[in-house]
Amino acid sequence: MTGLSNRRAFFEESRHRLQQGSQTLALIDLDFFKQVNDRFGHDVGDHVLIQISQLLSEHFEPEALVARLGGEEFALMSIASEFELAQRLQALNKVLTTQPLSISEQQIYISLSAGVVTVQTEEGLNDAIIAADTFLYKAKDNGRCQVRCA
Ligand SMILES: Nc1nc2c(ncn2[C@@H]2O[C@H](COP(=O)(O)OP(=O)(O)OP(=O)(O)O)[C@@H](O)[C@H]2O)c(=O)[nH]1
């Protein structure tokens with residue numbers, strides 16, 4: 001539906017990239033997405049996912065690997081620093097919270113929460129996912145619409 005890589009392709013390609021050197025991983029989750037479905041319907045929710053996918057592609061590809069891991073969860077693997085990736089994701093939040101998505105004549109404000117970590121090696125990928133997820137949930141707990149890194 002979104003045209004992005006899926007979870008399996010993302011981790012497969014990430015392992016290749018990590019063979020060339022360290023990378024920065026961002027785990028991204030849309031905020032209060034259930035409310036979008038509940039208020040506007042599932043079809044509109046699907047279009048939000050499509051537009052967010054396009055925005056992530058436009059902002060981060062081709063340098064970064066962009067994937068939809070499932071549901072309203074996305075991931076990036078980039079050679080940018082943690083700080084730079086976090087800044088760029090936060091800049092995207094600023095766009096999303098000031099310029100709503102326009103879908104079926106509805107104006108939809110959405111934001112994202114993210115956790116960002118460095119992955120040094122292929123062997124470190126699983127631990128990095130756990131660490132990024134911990135940062136992501138800190139971002140959620142702290143009010144959402146924010147990016148957390150070390
Ligand atoms: N439209 C649409 N909805 C989906 C899809 N995949 C998952 N969802 C919905 O995404 C929603 C996720 O809800 P939650 O996990 O409660 O997350 P949330 O509402 O974003 O809340 P927080 O993550 O806590 O900010 C559920 O309502 C799912 O049905 C999809 O492909 N299309």
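Let's start with the loop between β4 (101–103) and β5 (106–108), where S104 is found. This is a predicted model, so every value I give is computed. S104 is not a glycine, yet its phi is positive, at about 50°. E105 sits in that loop between β4 and β5 as well. Its phi is also positive, near 65°, and E105 is likewise a residue other than glycine. As background, most residues other than glycine have a negative phi.

Next, another backbone feature. The peptide bond between E61 and P62 is cis, with omega at about 5°. In general, most peptide bonds are trans. P62 belongs to the loop between α3 and β2 (65–70).

α3 brings me to the ligand. There are 16 residues around the ligand, and those that come nearest are F33, K34, D46, R68 and R144. Which elements supply at least two residues each to this shell? They are β1 (23–30), α2 (33–40) and α3 (42–60). α3 gives the most, with four residues.

Now the individual polar distances to the ligand. From F32, a backbone N or O atom lies 2.9 Å from a ligand oxygen atom. For K34, again a backbone N or O atom, the distance to an oxygen atom of the ligand is 2.8 Å. E72 uses its side chain: a polar atom there lies 3.0 Å from a ligand oxygen atom. As for cover, the ligand on its own has 670 Å² of accessible area, and the protein covers 66% of that.

On to Q146, in the loop between α5 (125–141) and β7 (147–149). Q146 counts as buried because its relative accessibility is 18%, and the cut-off for buried is under 20%. What does the side chain of Q146 reach at 3.2 Å? That is the backbone oxygen of N142. The side chain of Q146 also makes a polar contact with the side chain of R148, at 3.5 Å. If we leave aside neighbours within four places in sequence, Q146 is in contact with Q90, N93, L112, S113, A114 and A139.

Last, the cysteines. A disulfide, for the record, is a covalent bond between the sulfur atoms of two cysteines. C145 is at 27% relative accessibility, so it counts as partly exposed. C149 has a relative accessible area of 26%, and is therefore partly exposed as well.

To recap: S104 and E105 both have positive phi, the peptide bond joining E61 and P62 is cis, and α3 gives the most residues to the shell around the ligand.

Key:
Residues numbered from 1 in each chain as written. Predicted model: local features only at pLDDT ≥ 70, side-chain atom pairs only at ≥ 80, totals over all residues. Heavy atoms only, no water. Near = heavy atom within 4 Å. Polar contact = N/O pair within 3.5 Å; in protein donor to acceptor, adjacent residues only side chain to side chain. Areas by Shrake-Rupley, 256 points an atom, 1.4 Å probe, with all protein chains shown as cover. Buried < 20%, exposed > 50% of the residue type's maximum accessible area, 1.4 Å probe, protein only. Contact = heavy atoms within 4.5 Å.
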